Amino acid sequence: MKLFQKLLLAPAALGLMAPVAASAADLNIAGVSQYGSEEQVTSITQFSDVQPTDWAYQALSNLIERYGCVAGYPNGTYRGSRAMTRFEAAALLNACLDRITEVTDELKRLMKEFEKELAVLKGRVDGLEAKVAELEATQFSTTTKLKGLATFVLGANSFGGSNNAIKDQAKAIEGATAFAYDVRLIFDTSFTGKDLLRTTLRSGNFADSPWGVGGNGEYVGLNSLEVAFQEDAGPNVVGINRLFYQFPVGDKVTVTVGGRVRQDDMLAMWPSVYPADTVLDVFTYAGAPGTYSLNLGAGAGVWYEDNGWSFSVNYVAANANNGNPEEGGIGTSGSKETFTAQIGYAGNNWGAAVAYNYGNGVGPASATPAAFAAGVGAGSNNSVAVSAYWQPSESGWVPSISAGWGITGFSQYDQDFNFDGPTANSWYVGLQWDDAFIKGNALGMALGQPTFITNTGRDNVSAQDGNWAWEWWYKFQVTDNISVTPALYYLSNPLGQAGWVLNGRTNDSAPLTNFGGIIKTTFKF
């Protein structure tokens, strides 16, 4: 018998072999003979004097069912309340040891039979233990997860319109076929399992591309892509794009504070499910780039959620690190700040929200040159947005629908366009078919008007800022981590009022139109 078996049986054996209640003189030899000669029972129900209410009922049942080493008396009784003699104890112990020996022999036989398989399993376990030890020794962090997103964009623009000089200028600046990239590394850290410290590193080289937000890309503006990013320090420079901490207060309140936090990072819900794969930047603001300006900087916010309803408030100052009150700070005249409040509801397959935004020195995130200029000057602006979405319970021929509308009022006088407190509007509708043609792929299109001036604020100056934007795209999900999205887009009058000024208003057709196409490849890791 192996050592561990002896150790397991030792307490029971000592207890059984110890004198209990009868001396040698009181020994009933006939009783012992009867006990030892009785066949082993197979069920505790064979004992007429053992009841489920007895304190040792379960222990006795286990000995019978697991080991089959309990015998009774010829009359079908166990006599559990009488004292046990040493001979009876010896008989019981011997029967149990015989059964354990049988089990041990069977185990030895099985181990011999499956010796090769056990050796393979042992080798695999040893290998797994070594890999776990290596991972623990070299792991990045026990509290931080890394997510990555890299995007390649290849494409070009084509320009038309009534003014050849404007067309030639657009071609000279944004007419080349180009290739640019954007990469994001997102580090999510949690210390309690419920909080979040997010650090995002980002780099790109889009400023001089046909779709940039600075450099050459400023000429048309509205053909900017959502992924068109570049650090102010230059192309291929890695910078801190996000740095904020988010934590719950109770079950329904979440607080966010950070040195690099964006307006939408502090909203309890986003009132749009379009798009699955972004193309034109203008269609990523729930139809209201004036309200959802996505101001990025130092800020803080809080939201409350209960039964689908949510209320969010937040403040962001893009230049809060600047100590000159004329050029930056928090709550100063030079602060590029936004204050946003949103109330919304998100159900199982639909949602809606109403939002208000106050901006100072921060214009609409995507707008015509005239509307953008009206928001970035010394004056303030007030915006309201109404946005909603609906998506089917199952993918099919019926698409998800997202729509939104926004209105923005500006307080300042604009000398370049001769505006005095103008008003701007925007709207969009986005349709998206999930699992289009092939499971995992997606098809989408959107139509709308980016933020444009609808009222100049002056009776003698007409608003000529109207424009339209369309996009069509199809996302091929090549693998779980790689997708390829060809897309087409069209802008009817991207320069808006600025185009009419440059054109001299020689006719009523748009001075400039923009048709473009890209192939976007996205890698997630």
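The following conversation covers pockets, cavities, strand pairing, aromatic pairs and salt bridges in a predicted model.

User: What should I know about numbering and confidence before we start?
Analyst: Residues are numbered from 1 along each chain as its sequence is written, and side-chain values use heavy atoms, with hydrogens and water left out. The model is predicted, so local features need pLDDT of at least 70 and side-chain atom pairs count only at pLDDT 80 or more, while totals for chains, interfaces and linings use all residues.

User: How much space lies in the second largest pocket?
Analyst: The second largest pocket holds about 570 Å³ of space. A pocket is an open set of points on a 1 Å grid over the protein atoms alone, with protein on both sides within 12 Å along at least five of seven lines. Grid points are joined across faces, edges and corners, and a volume is the space filled by probe spheres set on the points.

User: Which residues lie nearest its centre?
Analyst: Ala56, Leu60, Tyr78, Gly80 and Ser81 lie nearest the centre of the second largest pocket, out of 22 lining residues. A lining residue has an atom within 4 Å of a point.

User: Which elements give two or more residues to that lining?
Analyst: Helix H3 (57-67) and helix H4 (86-113) do. The largest share, four residues, comes from H3. Helices (H or I, at least four residues) and strands (E, at least two) are DSSP runs, numbered from the N terminus.

User: How does the lining divide by residue class?
Analyst: The lining of the second largest pocket has 15 nonpolar, two polar and five charged residues. Ala, Val, Leu, Ile, Met, Phe, Trp, Tyr, Cys and Pro count as nonpolar, Asp, Glu, Lys and Arg as charged, and the others, Gly among them, as polar.

User: Switching to cavities: how many are there of 30 Å³ or more?
Analyst: There are three cavities of 30 Å³ or more, a cavity being a set of points where a 1.4 Å probe fits but cannot get out. The largest cavity has a volume of about 40 Å³.

User: What lines the largest cavity?
Analyst: Its lining includes Val282, Phe283, Trp427, Tyr428 and Gln449. Strand S14 (423-434) and S15 each supply at least two residues of this lining. By class, the lining of the largest cavity has seven nonpolar, four polar and no charged residues.

User: Phe283 and Tyr428 are both there; how are their rings arranged?
Analyst: The structure holds 17 aromatic pairs. Phe283 and Tyr428 form a tilted one, with 6.3 Å centre to centre and 35 degrees between the planes. Rings of Phe, Tyr and Trp (its six-membered ring) pair if their centres lie within 6.5 Å; planes under 30 degrees apart count as stacked, over 60 as edge-to-face and the rest as tilted.

User: Buried or exposed, those two?
Analyst: Phe283 counts as buried because its relative accessibility is 2%, and Tyr428 is likewise buried at 2%. Buried means under 20% relative accessible area, exposed over 50% and partly exposed in between (1.4 Å probe, protein chains only).

User: Which residues do ring pairs link with them into a cluster?
Analyst: The cluster consists of Tyr274, Phe283, Tyr428 and Trp473.

User: Where does Trp473 sit in the strand pairing?
Analyst: Trp473 lies in S16, where it is the bridge partner of Gly444, and it also stands opposite Ala487 in S17. Strand S15 (residues 442-455) and strand S16 (residues 469-477) pair in the antiparallel sense over seven bridges. S16 and strand S17 (residues 482-491) also pair in the antiparallel sense over seven bridges, and these two form a hairpin with four residues between them. Two strands pair if DSSP finds at least two bridges between them.

User: Now the salt bridges: how many are there?
Analyst: The whole structure has 11 salt bridges, each a side-chain nitrogen of Lys or Arg within 4 Å of a carboxyl oxygen of Asp or Glu. One of them joins Asp126 and Lys122 at 3.2 Å, N to O. Asp126 and Lys122 are four residues apart in helix H5 (residues 115-138), so they are separated by about one helical turn.

User: Which residues are linked in a network of salt bridges?
Analyst: Lys147, Asp188 and Arg198 are. The closest N and O atoms of Arg198 and Asp188 are 2.7 Å apart. Arg198 is partly exposed at 21% relative accessibility, whereas Asp188 is buried with a relative accessible area of 15%.
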